[in-house]
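Hello,

Here is the structure we talked about passing on. Please open it beside this message; my notes follow.

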Amino acid sequence: MDVINFLLDGFQTALLPHNLLFAFVGVLIGTAVGVLPGIGPMSGVALLIPVTASMTSGLEPAEAATSSIILLAGVYYGAMYGGSTTSILLNTPGESSSVVTTLDGYQMAKQGRAGSALSIAAIGSFFAGIVALIALTLLAEPLSKIALKFGPAEYFSLMLLGLAAVSGLAGNSMTKAWMMTVFGLLLSTIGIDAVSGVARFTYDISVLYGGLEFLTIAVGVFALGEVFKAILHKEENDGEVAKVGRILPSKQELKESSGPIVRGSLLGFFVGVLPGAGATLASFFSYIFEKKISKNPEKFGKGTIAGVAAPESANNAASGGAMIPLLTLGIPGSGTTAILMGALIMYNIQPGPLLFDEHPDVAWGLIASMFIGNLMLLILNMPLVKVFAKIIETPPKYLIPIIIAISIFGVYAVQVTTFDLLLLIGCGLAGYLLASNDFPLAPLVLGLVLGPMIENNMRRALTASNGDFMVFVEKPISLVFIITALLWIIVPILLKVRGKTLVISEEA
Amino acid sequence: MNKTFDRYAGFIFLMIGAAFMLESFRISKNAYGSNVGPNVFPFLLGLILVLLSIKLLLETLKYNAGHLQKKKVQYKKFLIILAAAILYAILLEPVGYVITTFLFLIIGFQTMEKGKLLKTIFIAGAFSFGVYYVYVKILQGTLPGWPIWFS
């Protein structure tokens with residue numbers, strides 16, 4: 001089979017010493033990001049883009065892209081492992097995707113079973129990661145073959161669908177989510193127009209000709225925004241960190257959790273593939289699902305191992321599943337994958353169906369490295385979980401100024417302008433204000449990343465149709481995408497009208 | 001939900017959308033070989049943003065005048081660190097990386113929590129020299145080094 005050959009080539013790339021190192025650093029930082037409350041995977045990945053860019057500056061462009069994306073993806077799925085640690089030991093979720101883990105995880109810790117909760121979380125995450133990766137390996141080629149047949153009209157509609165899905169699920173107010181999406185798209189029009197070469201909204205200011213840099217805005221709104229919030233609203237971690245205790249789970253616990261792990265992995269994977277849903281929803285759904293099918297649902301919330309195994313497997317499977325639309329279609333389904341996509345574009349590598357043809361080493365190298373990375377995470381999280389538990393005690397008074405300093409160093413190292421530094425701080429302020437008033441930030445970044453592509457595809461489709469907007473509904477595939485996008489907007493509104501409470505995705 | 005903030009935000013985004021619409025008229029309408037010029041996309045987006053902002057403004061009318069629970073907010077610390085960060089950004093090029101980073105970190109650490117001066121000096125020094133050494137000497141990157149009057 002071709003796939004096996006591609007994967008073996010991928011392993012050749014991933015097993016190069018420097019790529020192994022990058023994968024290790026990525027998952028290590030990812031676990032730390034997951035453990036530290038206050039830094040989410042989005043800000044962690046954004047913060048590390050410029051750092052990896054400077055670390056890989058000596059390599060060839062394609063190699064540099066492979067190494068960077070290996071590290072950044074490592075941070076993303078590493079954070080899913082680490083997020084469970086604080087949920088279990090401190091009753092404070094390190095990530096929004098580990099919120100439900102607190103329900104049973106902390107109870108288990110109180111009963112002195114923190115060690116087995118942590119190790120089951122790690123085993124579940126590992127299993128889920130491998131399931132998602134096998135599915136990714138098998139689906140990547142066929143999906144990108146289909147996507148290759150898409151014309152500009154289909155692409156435009158597909159990207160609309162992506163935006164609709166993310167905006168529909170992000171935050172409490174759909175109006176606000178859409179405003180952020182459109183604002184992100186508008187910001188992406190600043191600079192030289194790629195099609196006609198006309199300068200738009202630049203007003204002869206030289207720094208604006210290149211457009212607003214995605215990196216500056218992402219680091220600003222996510223990393224600095226979160227830091228500003230942490231300074232303004234000092235969170236006291238008064239809770240005692242529970243003792244880890246015996247790490248290896250008992251046979252009984254393994255048996256009890258095997259079902260939830262398998263179901264959580266599959267459910268999480270499918271939720272992850274859907275644009276907009278993401279890891280938080282996946283963990284939430286799988287917890288509810290386990291509770292529904294359990295023979296004794298009253299045990300949930302009182303420290304049952306299934307309540308830890310299912311959501312932790314699901315969030316990791318979802319983060320693997322989310323790589324599928326990103327790599328094969330070039331459509332990020334969440335804020336974090338949008339940032340990963342921005343990072344690839346920075347290296348002049350366009351995610352999408354052509355990725356597997358043009359840069360097989362990047363695509364397959366990444367997939368292979370994720371197998372290795374998950375194995376590293378299992379090893380890191382089982383015996384070393386006590387070391388990571390220590391990270392929780394890092395005093396924020398050192399962490400916060402250092403995060404600001406890393407942001408400034410990173411942006412300056414890549415952009416080398418004072419303008420970008422001021423824009424960075426401005427974005428941090430705006431990010432804090434908007435996020436604390438329920439304006440979700442993920443759609444903004446998604447709009448910014450997808451903006452140029454949406455516009456190009458729209459204009460190419462319209463040029464071919466002589467300016468007739470009907471072209472988007474005349475092509476059948478495009479019509480299907482548009483109808484799905486509309487449904488994604490209308491159904492939640494209808495549900496709201498009927499008084500149902502909606503599950504929303506915080507990290508989307 | 002904060003009514004005041006949403007009103008201001010709605011108004012500001014309304015202005016931004018309108019500005020993009022107006023300004024898109026000044027962009028050349030023609031693109032060679034295409035009847036969809038570079039002005040169409042920003043104009044449409046500006047229009048959508050205006051409509052959404054109006055929708056948000058209408059929604060704020062329906063907000064309950066619920067009393068917000070006041071959280072303790074540490075404005076003083078925040079403003080000091082913000083001012084320090086802005087100065088850091090502006091002075092990075094003229095004064096150089098190591099000095100500005102060192103000073104910013106000390107101000108930051110001390111603002112977050114007073115005391116342990118020696119430890120903060122040590123961490124700030126290790127970070128600023130460490131990053132500079134690794135990035136400039138080993139990775140051959142470019143950072144503003146030392147100010148002219150210093151070296």
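**Helix packing between the chains**

Helix 19 (residues 418-436) of chain A and helix 3 of chain B cross at roughly 170 degrees, and their axes come within 9 Å. The cut-off for roughly antiparallel is over 145 degrees, so helix 19 of chain A counts as roughly antiparallel to helix 3 of chain B. Bear in mind that this is a predicted model.

Which residues meet there? From helix 19 of chain A come A:Thr418, A:Leu421, A:Leu422 and A:Ile425. Helix 3 of chain B brings B:Ala85, B:Ile86, B:Ala89, B:Ile90, B:Leu92 and B:Glu93. By class, this contact has eight nonpolar residues, one polar and one charged.

**The whole A/B contact**

In chain B, 54 residues are in contact with 49 residues of chain A. Five elements of chain B each give two or more residues to the side touching chain A: helix 1 (3-24), helix 2 (40-61), helix 3 (75-95), helix 4 (97-112) and helix 5 (117-138). Helix 2 of chain B gives the most, with eleven residues. The side of chain B that touches chain A divides into 34 nonpolar, twelve polar and eight charged residues.

An unreviewed UniProt entry annotates residues 7-28, 40-58, 78-111 and 117-136 of chain B as "transmembrane region". I have details for two of these spans. Residues 7-28 of chain B are 82% helix and 0% strand, with end C-alpha atoms 34 Å apart. Residues 117-136 of chain B are 100% helix and 0% strand. The end C-alpha atoms of that span lie 28 Å apart.

**A helix pair inside chain A**

Helix 4 (residues 61-90) and helix 6 (residues 114-148) of chain A pack at about 160 degrees, with axes 10 Å apart. This pair is therefore roughly antiparallel as well. Helix 4 of chain A passes helix 6 of chain A in a right-handed crossing.

Helix 4 of chain A makes the contact through A:Tyr77, A:Met80, A:Tyr81, A:Ser84, A:Thr85, A:Ile88 and A:Leu89. On helix 6 of chain A, the residues are A:Ala114, A:Ala117, A:Leu118, A:Ala121, A:Ala122, A:Ser125 and A:Gly129. The contact between helix 4 and helix 6 of chain A has ten nonpolar and four polar residues, and no charged ones.

Best wishes

Technical notes: Residues numbered from 1 in each chain as written. Chains lettered and ligands numbered in written order. Predicted model: local features only at pLDDT ≥ 70, side-chain atom pairs only at ≥ 80, totals over all residues. Axes fitted to C-alpha atoms, helices over the stretch in contact; angles between N-to-C directions. Helix = DSSP H or I, 4+ residues; strand = E, 2+ residues; numbered from the N terminus. Parallel < 35°, antiparallel > 145°, perpendicular 65-115°, else oblique. Left-handed = near helix turned anticlockwise from the far one by under 90°. Contact = placed C-beta atoms within 7 Å. Nonpolar A, V, L, I, M, F, W, Y, C, P; charged D, E, K, R; others polar. UniProt positions renumbered as here; feature names shortened; annotations may be inferred.
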